[in-house]
Structure formats: C-alpha cells, structure tokens
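Welcome! Let's take a short tour together, one contact at a time.

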Amino acid sequence: MTAPPGPVRTQQAPSPARRGAPRALLAAAVATGALACVPLVYLAVRALEAGPGTVVEILARPRTAELLARSALLGGSVTAACLVLGCGLAWLLTRTDLPGRRVWAAVLALPLAVPSYVAGFTWIAEWPGLAGFPGAFLVLTLVSYPYVLLPVAAALLASDGGLEEVARSLGRGPGRVLLTVTLRRVRPTAAAAGLLVALYVLSDFGAVSLMRYETFTLGIFTSYRATFDRTPAAVLGCALVALAAVLTWAEHRARGRAGGWIGRGTPRPPVPARLGGFRPLALLTVAAVAVAALGVPAVSLVRWTLAGTSAGIDWAGLGGAAVATLQVAGLGAVLTTVLAMPVGVLAARYRGRTVTAVETAAYAGHALPGVTIGLALVFVGIRLVPAVYQELPLLLVGYAVLFLPLAVGAVRTAVAAAPVGHEEVARSLGCGRTAAFARVTLPRALPGIAAGAALVFLTVAKELPVTLMLRPTGTDTLAVQLWSHTGAGAFAAAAPYAVVLVVVAAVPSVLLDRAAHR
Amino acid sequence: MPSRRIALAAVAVIAALAPLTACGSSADLTIYSGRNEQLVGGLLEKLEERVGGSVEVRYGGSAELAAQLLEEGDGTDADVFFSQDAGALGALDDAQRLEPLSPAALDAVPAAYRADDGSWVATSARSRVLFYDPRQVPAADLPATLDAVTDPRWRGRIGYAPTNASWQAFVTGVRVLRGEDGARAWLRSFAANQPVRFENNIQILDAVNAGQIALGLSNHYYWYERVAEVGEQAVPARVHYVSGGDPLGLVNVAGAGVIAGTAQPEMARRAVEFLVAPEAQQYFADETAEYPVRAGVTSSRHALKPLDQLQPPDIDLSDLASLQQSLALLQETGLA
C-alpha cells in the first residue's frame with residue numbers, strides 16, 4: 001500500500017492495450033472536461049461581445065504586456081523556488097538520516113493550510129518593506145512549496161533503491177547519483193507539481209494584492225472594480241487561459257518524455273544518506289522554512305487574537321462557520337474527486353489526442369482568478385439551472401470547476417502506479433473491465449486518490465470569491481467570516497477565524513503527509 | 001484498510017450535514033449588500049422588522065455584486081442593492097437595472113445626495129481627509145489644497161491606496177473639477193512625489209500611527225473607528241479636513257437602489273425608505289462613524305466634525321460613476 005509514486009508509471013509505457021478507451025469512460029471524461037470549459041465559454045462570450053477590434057486593442061495595450069511579464073516573472077520564480085525547496089526538503093525527509101524526520105515531515109506539510117491572504121497579511125503587517133515582488137515571491141513560495149514536497153516525498157519513498165545502488169556500484173559518487181538517478185526519476189512527479197504551483201500563482205489574488213504586486217489577476221480585479229466593464233477583464237482572462245494551456249501542454253510533454261524504465265523486482269527501501277557534517281545545516285534549513293511558513297503567521301495571529309477590545313470571541317459564530325466549512329469542503333472534495341476520476345483514469349491508462357484534450361481542458365481554467373470563475377457560473381447557472389442557483393449543488397460544481405486539476409493529477413498518478421498487468425490478469429480470468437478496475441486497481445489507487453481529495457478539501461476551505469457569489473444565503477464559511485471581519489477592520493475579531501481555518505485545513509494536511517509516508 | 005473506513009466515515013458525516021443548508025430559504029425580500037456585515041448587519045436586522053416580511057441579505061464587495069447583478073440580469077433574486085459607493089449604483093443604472101425610487105425616499109435627503117433620475121439615494125456620507133502624524137507634521141504645516149500635497153517636502157512621505165474605491169472616486173472628483181488635463185497634470189506631479197502605495201485605508205492609518213509616513217489620503221471614519229476601538233491615547237495619528245471646496249475634501253456616499261423587475265416593489269421601496277429614515281441615519285452616525293445624509297441627525301458616540309462645516313467641493317455625485325476614464329488616467333500616470 002503505497003502512495004502515488006510518479007516515475008513508476010513509466011513501467012506501463014510499452015504495455016497497455018491500445019484498443020482505445022471504453023466508451024463510457026471516455027464519455028464521462030469528456031463530460032467533466034466540458035464542465036471545466038464552462039468558464040471559457042463565458043469568457044469568449046464576454047470578450048467578443050465588444051467585437052474583435054476591442055479584443056485586439058486590449059491585448060495590444062502596453063499595460064497588458066507589462067502585466068503578463070510580471071505574472072510570468074512571479075510564476076516562473078515561485079515555481080522554480082518551490083521545485084528546489086520542495087525536492088530538496090523531500091530528499092532530506094525521505095532519503096537522509098535527518099533527526100526527527102517524521103515530525104519535520106508533518107510540520108512542513110502544514111503551510112498548505114495557510115491561505116495566501118493570511119500569510120500575506122501577516123508578513124506585510126510585520127515587514128511593510130516587503131511590498132512588491134519580494135513579498136509576493138516569498139509568501140507564494142512559502143504557501144505553495146508543499147504542493148511539490150508532498151508528491152515528491154511520496155515518489156521518493158515508493159521508488160526502488162536498487163537503481164541507485166547499481167549506479168553507485170558502477171562508480172558514480174553520491175552527489176551524481178542524486179542528480180542523475182534519484183531526482184531524474186521524480187521528474188514527472190515534480191513537473192506535475194510544478195504545473196499546479198505555476199497555475200496557482202497565476203490565479204492568486206490574496207498575496208499579490210496585499211503585497212501590491214500587480215499581476216494579471218490583480219489587473220482583472222482592478223478592471224472589475226474600477227470600470228464595471230466585464231469585457232477587458234474577460235479578454236485578460238482569455239490570455240490567462242491561453243497561458244495555462246501552454247503550461248499544461250509543456251508539462252504534458254515533459255512528463256511523456258521522462259524515461260527510466262526499471263525492472264519489476266521487489267522494490268527495496270533505499271539506504272538513507274548520511275548527512276554527517278551537513279546535519280546542522282540541514283536542520284537549520286528545515287527549521288527556517290518551518291518558522292517562515294508557519295511561525296510568522298502563527299505569532300501574528302495569536303497576537304491579533306490577544307489584542308484589541310473587539311477580541312471577545314464569538315464561539316457560536318466560530319462553531320457555525322467551522323461546520324459550514326467542513327461541510328462545503330467535504331462535499332466539494334467528494335464531488336471534485338468523483339468528477340476527476342474518469343479524466344484521471346483516462347490520462348493514466350490511455351494516450352491520444354482526445355485524452356490530451358480532455359486533460360488540458362480540466363487544467364485550463366485553473367489559472368483564472370476565482371472572481372472570473374464565479375461570474376461565469378453566475379452567468380450560466382442562473383440561465384440553465386435557476387432551481388439550484390445560489391444553492392449548495394451549484395456551489396459544489398463551482399468548487400469542482402476551480403479545483404479539478406488537484407484531483408485529476410492525484411487520480412492519474414495513483415491509477416498509473418497500480419500495475420495494469422494485474423488488471424489484465426483479472427480480465428483473463430473472466431472478470432469484466434469495470435469489475436477488474438474496481439476490484440484490482442481501485443483498492444491500490446485509493447490512498448493516492450484520497451490524498452487528492454484531501455488536497456481539494458483544504459483548498460476549498462480557503463476559497464472566497466466563488467463562495468461569496470454562489471453560497472446558499474447564510475452559509476458563512478470561515479473564509480467568508482474572515483473576509484467580513486477584516487473588511488470592517490476588526491482584525492482582532494478576525495484572527496480566531498483565521499486560526500480555526502488553519503486548523504481545519506491542517507487536518508487533511510496531516511492525512512496527506514500520513515498517506516505519503518505509509 | 002483504515003483509510004477507506006475513515007473516508008467512508010467522513011462521507012457519511014458530510015452527507016448527514018448536507019440537509020442543514022440544502023433547504024433553500026425563500027425570503028420575501030433579498031438584499032445584495034456591498035456594505036460589510038459587521039458594519040450594517042445590525043441595521044439590516046432592524047430593517048427586517050420594519051418592512052413587514054422576511055429579509056435575506058447576501059454580502060459581497062460592491063463591485064463584485066454589481067458585476068454579479070449585471071450577469072444575473074432578469075433572473076436575479078435580488079430586490080435591493082445596498083452599495084458602498086455611488087459608482088456601482090451608477091453602473092447598474094446605466095444598464096437600466098434600477099427602478100425609480102419613491103418620493104418619500106428621495107425627498108428625505110438633499111438633492112446632492114440622490115441620483116438625478118431618482119434611481120438611487122445616498123444613505124450615508126464619508127469625507128476624504130488626510131491622516132497625519134503630529135510627531136512629524138505640526139498642524140500649521142498641513143497641506144491646505146490639492147496642490148500642496150505635491151510639494152517636495154512630502155516626497156516619499158504620503159500614503160495612498162490605489163485599489164481602494166474611495167481613492168478612485170477621489171481621482172474622478174479631481175477630473176470632474178479640473179478637467180482631464182488638469183487631473184493628468186496633478187497626478188503626474190503626485191506620482192513624481194513618490195507616494196507610498198497601500199492595500200487599504202486601514203494600512204495607511206497603521207503606517208501613519210507607526211510614523212512610517214507623515215500623511216495619508218483616506219476616508220474619515222477609519223480614524224474614528226480605531227479611536228472607538230483602542231482609545232484616542234493609543235492612536236498617534238490625527239485627522240485633517242481640507243476645506244474650501246478643495247478636491248481633497250471630497251464627500252462621497254454609500255447608497256441604495258431597487259433592482260428592476262423586482263417581485264416585491266412595495267417592500268423594496270420600504271426598505272430603501274427605512275435606510276434614509278431617522279432610525280437608520282442615527283445608526284450610521286453612531287455605529288459606523290459616517291455622516292447621516294438626513295438633516296437633524298448627529299452622532300452620539302463619535303466627535304465628528306459636522307457635515308455642514310466640511311465645505312466639500314461642489315460636485316454631482318452621479319459624475320463619480322465615470323470611473324473608466326479615471327482608471328485610464330491612473331494607468332497612464334503609473335498610479336493604478
């Protein structure tokens with residue numbers, strides 16, 4: 001029972017049936033992909049209603065290029081930093097004799113639970129000089145590196161140490177083995193994680209607005225706020241979608257080409273590297289990351305909670321918000337994972353243009369800011385399904401559209417790691433296709449799929465703009481209450497909601513870490 | 001397989017919780033409020049008692065709600081829009097999404113505080129002010145006009161919040177009062193003075209309190225709210241009202257309108273009438289430290305400088321809806 005290893009998927013590369021995907025699976029995956037494209041249809045409608053001339057005019061503005069450059073700079077640098085930090089920490093936590101590895105692993109996964117707007121707020125409050133690129137880069141790196149750390153650590157734990165031993169026995173030094181064998185084998189996993197980080201950074205509003213670093217997303221918000229004209233915002237949104245599609249396609253290529261076929265023996269746990277004299281430095285590094293990513297927000301929040309006369313804690317409100325959050329995040333995670341299943345299975349087991357198109361479609365909207373997705377679902381929802389508009393079902397669909405890629409990636413990796421040969425054996429013994437998948441592959445993939453669901457859960461818990469537009473009236477989640485209180489300047493009253501939000505989101509972070517290390 | 005059992009248990013718990021909110025509420029009246037729940041929640045509860053029907057309030061940002069209302073079109077459930085600024089109401093009016101209000105609502109306020117076509121009415125007012133740090137700036141040295149803040153002595157020492165709607169409305173005011181070229185010239189010299197950008201007015205107040213900047217362009221009530229929260233002793237910053245009809249003393253409003261095609265026109269009008277009635281006006285004066293727009297109401301809690309002593313610039317608030325041009329100008333001068 002292992003968590004999602006990335007590179008092992010290449011085992012199947014030569015094998016599986018090229019018969020083409022089953023119709024039902026394909027239909028379900030295409031349906032999910034179509035759902036994910038709803039915001040794109042809306043964007044196209046809004047962008048083109050003013051005529052192609054306006055679209056060209058907006059895209060040709062110097063400001064558009066400036067915003068694009070800033071978004072690219074931020075996205076590229078945060079992704080690079082997260083890859084270095086995430087892979088480095090993953091290696092330290094899984095392949096070395098670092099003292100307290102298990103505790104560090106749990107602690108270092110937790111920043112995933114800190115919303116970027118909370119982290120941004122605490123950093124800017126303590127160090128106002130960080131405003132601009134440095135602050136945006138720092139905060140987004142600190143809240144996003146676990147996206148890389150968790151899957152790469154899982155891949156490292158699951159991979160066979162034999163290959164490294166062979167490389168060592170053939171005369172390669174430990175450093176070269178790390179670079180040429182170990183890291184190369186987690187490359188597809190790291191690439192998939194890097195894509196999620198890049199798309200997340202493109203879509204983030206909280207950190208960049210607090211740090212006053214004007215990106216594409218912030219430009220879209222300013223456009224809505226200052227002009228009430230939805231066309232420029234939609235045109236900029238289309239540009240973000242194009243950027244996301246290019247990134248997704250690039251990741252797809254990088255993943256597809258990653259080599260490293262290994263034999264199917266019994267995998268052996270790798271021998272931990274001895275840190276020796278580097279041990280204090282390694283400890284200092286993990287401690288520094290933990291302090292920056294968790295300590296700073298924690299200290300700030302505790303201080304706010306203790307300060308001010310508005311600090312009388314509203315326990316009933318806090319409890320109600322926690323229940324509402326657990327509910328929408330839980331149901332959202334279930335729906336998103338269910339919708340992601342066909343796409344993930346298809347991507348893991350089959351190749352072809354349709355598969356690539358469906359997978360790209362699932363990722364395309366992920367770079368869009370929440371307010372754009374929200375307005376798209378308002379536009380479509382009130383016209384097509386007025387009965388559930390501003391009711392729970394449509395809100396959950398909104399979460400699914402927003403966070404599908406998190407679940408698709410998890411399902412794909414988990415299913416790919418389950419050997420397709422076992423399923424074929426079951427089928428040769430008379431088991432039907434669906435039954436073989438359910439009885440042979442699904443049980444093995446379940447922990448990885450659950451990890452994806454946990455990731456969706458904590459991301460939904462932090463979500464704000466779509467929740468505000470589509471929630472049933474009175475469903476005040478922790479994020480909504482936090483927004484409401486900080487909007488009134490009542491930071492002391494807001495702090496407990498932030499604390500509970502981090503705690504609620506931390507539960508799946510811990511489960512994710514457990515799954516990775518089982 | 002414990003993880004599966006945990007997952008199943010989690011699904012069961014969530015499913016059990018689902019009915020708690022799945023039952024859609026169907027109130028008589030739906031209000032979209034761009035004003036913050038912490039600020040006006042209590043007032044809107046009173047409103048429910050007064051209008052004679054159940055009221056449902058959805059909170060959000062004013063601009064986001066305006067965009068949402070525009071996307072919803074005729075299908076909307078909203079009957080009343082309660083906005084933080086006139087611009088969002090103006091945008092809805094331009095799209096013919098507001099119904100004319102009753103004379104009872106419109107006549108409750110001076111003509112300056114309602115739309116010319118009667119589509120919305122101001123519910124409270126706020127003044128642009130300068131927060132200043134008296135440790136750095138003696139009262140005698142405070143800028144008395146718009147052009148004084150571009151004096152080199154304030155280089156790198158003045159804060160503003162470029163994404164704040166009130167800042168953008170202020171810039172619109174400068175445009176309306178001085179024309180496009182006059183506004184461009186002022187924004188250029190303001191930008192050249194290296195103003196410090198902040199995300200919101202609260203951060204500006206914090207920065208003045210901390211002595212990081214000497215002056216901050218903001219709305220008046222942030223200071224009064226902070227003083228009410230922590231006491232005047234704990235707030236080093238002071239408030240400077242610029243008078244004499246100068247753009248720095250612009251008075252802007254929050255307001256309300258009835259959504260076109262509402263199923264509850266009578267109740268919606270009563271709701272807007274309540275917001276300009278004495279009870280609600282007293283609430284704004286006391287609870288949110290804003291200026292009542294109805295004559296004869298004064299705050300019993302905040303030592304507000306009386307509205308009739310402010311001498312704001314003479315400006316038609318409907319003109320403040322022309323934000324698009326302001327934004328273009330801000331982008332052009334690098335201040336967006």
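Predicted model: local features only at pLDDT ≥ 70, side-chain atom pairs only at ≥ 80, totals over all residues.

## A bridge between the chains

Between chain B and chain A the count is two salt bridges.

Now look at the wider contact around the two chains. Chain A brings 57 residues to it and chain B brings 50 residues. The area buried between chain B and chain A is about 4,800 Å², and carbon and sulfur atoms give 56% of that.

## Two helices in chain A

Next, find helix α4 (residues 62-95) and helix α7 (residues 133-158) of chain A. Their axes come within 6 Å and cross at roughly 40°, so α4(A) is oblique to α7(A). The crossing of α4(A) past α7(A) is right-handed. What kinds of residues make up the contact of α4(A) with α7(A)? There are 23 nonpolar, five polar and one charged.

## Two helices in chain B

α7(B) passes α12(B) in a left-handed crossing.

Among the residues making this contact are Trp167(B), Val171(B) and Leu187(B) from α7(B), and Leu323(B), Leu327(B) and Leu330(B) from α12(B). The residues of the contact of α7(B) with α12(B) divide into nine nonpolar, four polar and five charged.

Key. Residues numbered from 1 in each chain as written. Chains lettered and ligands numbered in written order. Heavy atoms only, no water. Axes fitted to C-alpha atoms, helices over the stretch in contact; angles between N-to-C directions. Helix = DSSP H or I, 4+ residues; strand = E, 2+ residues; numbered from the N terminus. Parallel < 35°, antiparallel > 145°, perpendicular 65-115°, else oblique. Left-handed = near helix turned anticlockwise from the far one by under 90°. Nonpolar A, V, L, I, M, F, W, Y, C, P; charged D, E, K, R; others polar. Contact = heavy atoms within 4.5 Å. Buried area = accessible area lost by both parts, 1.4 Å probe. Salt bridge = Lys/Arg side-chain N within 4 Å of Asp/Glu carboxyl O.
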